[in-house]
Amino acid sequence: MIAIRFERVTKMFDDQVVLKDFDLKVRKAETKIILGGSGSGKTTILKMVLGLVKPDQGRIWVNDRDITDLSEDELMDIRKEIGMVFQEGALFDSMTVGENVAYPLREARRHTPEEMEAAVRRLLGFVGLADAFDKMPSELSGGMKRRVAIARAVVHRPSIVLYDEPTAGLDPITSRTICDLVIALRDLEGVSSIFVTHDLSAATTLASEMAIRESSGQVTFRSENNEFCLANTRFVILKDGQIIFEGTDESLDTAEDEYVREFLT
Ligand SMILES: Nc1ncnc2c1ncn2[C@@H]1O[C@H](COP(=O)(O)OP(=O)(O)O)[C@@H](O)[C@H]1O
Ligand SMILES: [Mg+2]
């Protein structure tokens with residue numbers, strides 16, 4: 001199954017061509033990292049996956065369904081399958097951390113209170129915030145809030161997660177926690193994702209490490225150097241509305257294009 005597919009998508013805002021004949025494929029359990037300068041159309045791509053922005057030309061499929069011409073009502077069904085992590089992942093200030101993370105589950109109205117609490121505690125544990133369940137957002141640091149926002153984005157187990165610069169401005173340890181979650185969702189839950197970032201260090205981590213669940217149930221992270229398989233992650237570099245590079249971290253290291261090299265320094 002193809003989780004996300006763009007076929008010859010063109011998008012203009014006024015006279016400005018943001019994407020031109022843009023093609024993209026994200027397979028099941030794959031992470032596509034999108035690198036590109038400010039204003040290169042990265043956020044626009046994510047909004048198109050959600051149907052918030054429509055292409056001028058071309059077609060877009062999500063989980064093998066053509067969403068290009070869907071109505072707002074039909075798009076609601078598609079959006080249930082998608083988790084979104086925006087840079088400004090604002091929390092609801094009047095709700096506890098636990099209530100914030102439970103919010104998408106409560107909206108779905110399919111879960112008992114016990115199921116919701118178990119899911120919320122599990123995810124908070126994963127992002128290293130097990131103790132924050134009863135806290136208010138105002139008691140948390142910026143990095144902790146970001147981790148809560150990510151927990152909330154994935155608590156309803158979406159098959160697709162979109163990340164818009166989720167590690168921007170974070171300290172290395174918080175950034176690492178976020179990468180761990182992205183890798184674990186990819187390798188242990190088969191989540192497909194687009195990870196938009198300027199953070200080459202985070203991108204490299206995603207492309208070179210794998211999550212494994214040990215027989216004890218514990219999740220560990222291994223560098224792909226020691227394994228026979230590759231992390232299921234590819235890079236895409238955008239420039240002037242088109243892809244100028246697509247490939248693995250290894251091929252990125254050897255790419256000779258000047259614009260690509262600029263991203264690596
Ligand atoms: N709703 C909009 N109306 C007009 N121009 C827009 C709109 N959304 C984005 N743009 C323009 O499209 C270009 C790409 O934006 P964006 O996708 O946000 O870039 P990125 O996320 O890569 O920084 C920018 O020049 C931006 O100003
Ligand atoms: Mg953006």
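**A close look at helix packing**

Modeller: Happy to! Helix H3 (residues 97-108) and helix H5 (residues 142-154) have axes that come within 6 Å and cross at roughly 30 degrees. The axes are lines fitted to C-alpha atoms, for helices over the stretch in contact, and angles run from 0 to 180 degrees between N-to-C directions. The helices themselves are DSSP runs (H or I, at least four residues), as strands are (E, at least two), numbered from the N terminus.

A word on the ground rules: this is a predicted model, where local features need pLDDT of at least 70 and side-chain atom pairs count only at pLDDT 80 or more, while totals for chains, interfaces and linings use all residues. Residues are numbered from 1 along each chain as its sequence is written, and chains are lettered from A and ligands numbered from 1 in the order in which they are written.

Back to our pair: H3 and H5 are therefore roughly parallel to each other (angles under 35 degrees count as roughly parallel, over 145 as roughly antiparallel, 65 to 115 as roughly perpendicular and the rest as oblique). From H3, Val97, Asn100, Val101, Tyr103 and Pro104 meet Val148, Ala151 and Arg152 of H5; contact here asks that C-beta atoms, placed from the backbone, lie within 7 Å. Sorted by type, the residues of this contact are six nonpolar, one polar and one charged (Ala, Val, Leu, Ile, Met, Phe, Trp, Tyr, Cys and Pro count as nonpolar, Asp, Glu, Lys and Arg as charged, and the others, Gly among them, as polar).

H3 has another partner, helix H4 (residues 113-126), and these two pack at about 125 degrees with axes 9 Å apart. That angle makes H3 oblique to H4. On the H3 side, Gly98, Val101, Ala102, Leu105 and Arg106 meet Met116, Ala119, Val120, Leu123 and Leu124 in H4. The contact of H3 with H4 divides into eight nonpolar residues, one polar and one charged. Val101 is listed in the contact with H5 and in the contact with H4.

Now for the wider setting. The domain assignment gives the protein chain domain 1 (2-81 + 160-174 + 192-263) and domain 2 (89-157), with bounds that come from an automatic or database assignment. The C-alpha centres of domain 1 and domain 2 lie 25 Å apart. Where the domains touch, five residues of domain 1 are in contact with six residues of domain 2, and the domain 1 side divides into three nonpolar, one polar and one charged.

Notes. Two residues are in contact if their C-beta atoms, placed from the backbone, lie within 7 Å.
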